[in-house]
Amino acid sequence: MKKIIVANWKMQLGIKESLLLAKQFSQKIKSVKNEVVICPDYLALAFIGPILKKTKLILGAQDCAQENSGAYTGEVSASNLKSLGVKYVILGHSERREHLHENSAIINKKIKSALENKLIPILCIGEKLTEKQSGETKSYLLDELRRALKGIKIKNTTELIIAYEPIWAISSNKNAKAMLPTEANEIHDFIKAQTKRILNKEVAVLYGGSTTASNAQEFLTQENISGLLVGGASLKLSEFIKMTS
Ligand code: PGA
């Protein structure tokens, strides 16, 4: 089955570097058996869209505004992203929750705006090390799901995606290491079941956190893992190509 592999470039590249990497991916990734999504920063999006258009690679964004338009200095609307050819939008990433104080109410509004504009939200959820250590992972995840998905309705299973990213496993964090793929599979099973109870639809659940070319296959072959959200490794040309093929 087709997996979804999402490159989250975060704020790691300059415009020139982003363009170069997008061009290199476009040339190297000829036929993809998986859905490969590239999420550059806002500024690079407009330049990268036309490059990806000629390929099978898909354009994604790392965030969108809560509102559709108006006096919201510095914000970028889901409708503007849509007009640039964006298909997916990452929402509620733990870095935004931490550094920009995004809470579930804000994330919920962003999901609604993305859906209204026919973008596919990739809702990120994940526990911190403290919750993991106190055995509260599942109750924490359920709480995040319930709050972020409050009042959300989708007609098709493909309209929304969840990305499970245990915060302690994200490579930019101290002592980060990937979760065991079998352990992740078990949590994905839980997330799928709970999302189905909330949305009445079974949606894809991606894993994110220190994935590399050497562990990607082990995650991708797990029954409940529909794909990967890749940070650090998505910036490395040959490594990411290996992960997508
Ligand atoms: P990582 O990041 O692959 O570098 O751990 C994942 C993410 O933050 O989306």
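The side chain of K10 makes a polar contact with the side chain of E95, at 2.7 Å. A polar contact here is a pair of N or O atoms within 3.5 Å; within protein, one must be able to donate a hydrogen and the other to accept it, and residues adjacent in sequence count only if both atoms are side-chain atoms. Keep in mind that this is a predicted model: local features need pLDDT of at least 70, side-chain atom pairs count only at pLDDT 80 or more, and totals for chains, interfaces and linings use all residues. Residues are numbered from 1 along each chain as its sequence is written, and side-chain values use heavy atoms, with hydrogens and water left out.

**K10 and its setting**

- K10 sits in the loop between β1 (4-8) and α1 (15-28); helices (H or I, at least four residues) and strands (E, at least two) are DSSP runs, numbered from the N terminus.
- With a relative accessibility of 15%, K10 counts as buried, where buried means under 20% relative accessible area, exposed over 50%, and partly exposed in between (1.4 Å probe, protein chains only).
- K10 also turns up in the shell around the ligand, in the lining of the largest pocket and in the lining of the second largest cavity.

**The ligand site**

- Around the ligand you'll find N8, K10, H93, E165, I170, S171, G209, S210, L229, V230, G231 and G232; a residue makes this list if one of its heavy atoms lies within 4 Å of the molecule.
- By class, that shell has 3 nonpolar, 7 polar and 2 charged residues. For the classes, Ala, Val, Leu, Ile, Met, Phe, Trp, Tyr, Cys and Pro count as nonpolar, Asp, Glu, Lys and Arg as charged, and the others, Gly among them, as polar.
- On the side-chain side, a polar atom of H93 lies 2.8 Å from an oxygen atom of the ligand, and an N or O atom of N8 is 3.4 Å from a ligand oxygen.
- Taken alone, the ligand exposes 290 Å², and the protein buries 99% of that; accessible areas come from the Shrake-Rupley method with a 1.4 Å probe, and for residues only the protein chains shown count as cover.

- The largest pocket holds about 520 Å³ of space. A pocket is an open set of points, on a 1 Å grid over the protein atoms alone, with protein on both sides within 12 Å along at least five of seven lines, and lining residues have an atom within 4 Å of a point.
- Of its 19 lining residues, K10, M11, Q62, R96 and L100 are the closest to the centre of the largest pocket.
- Helix α4 (residues 94-99) gives the most to that lining, with 3 residues, and the lining of the largest pocket splits into 6 nonpolar, 7 polar and 6 charged residues.
- The second largest pocket comes in at about 390 Å³; a volume is the space filled by probe spheres set on the grid points, which are joined across faces, edges and corners.
- There, 20 residues form the lining, and M1, K2, I4, A204 and S226 are the closest to the centre of the second largest pocket.
- The lining of the second largest pocket has 9 nonpolar, 4 polar and 7 charged residues.

**Cavities**

- The whole structure has 2 cavities of 30 Å³ or more, a cavity being a set of points where a 1.4 Å probe fits but cannot get out.
- At about 50 Å³, the largest cavity is lined by G92, H93, S94, R97, C124, I125, G126, E144, E165 and I167.
- Elements α4 and β5 (120-125) each give two or more residues to the lining of the largest cavity.
- The second largest cavity, with about 30 Å³, is lined by W9, K10, Q12, L13, S18, P40 and D41, which divide into 3 nonpolar, 2 polar and 2 charged.

- Most residues other than glycine have a negative phi.
- H101 is not a glycine, yet has a positive phi of about 55°; H101 sits in the loop between α4 and α5 (104-116) and is exposed, at 62% relative accessible area.
- N200, also not a glycine, has a positive phi of about 70°; N200 lies in the loop between α8 and β7 (204-208) and counts as exposed at 62% relative accessibility.
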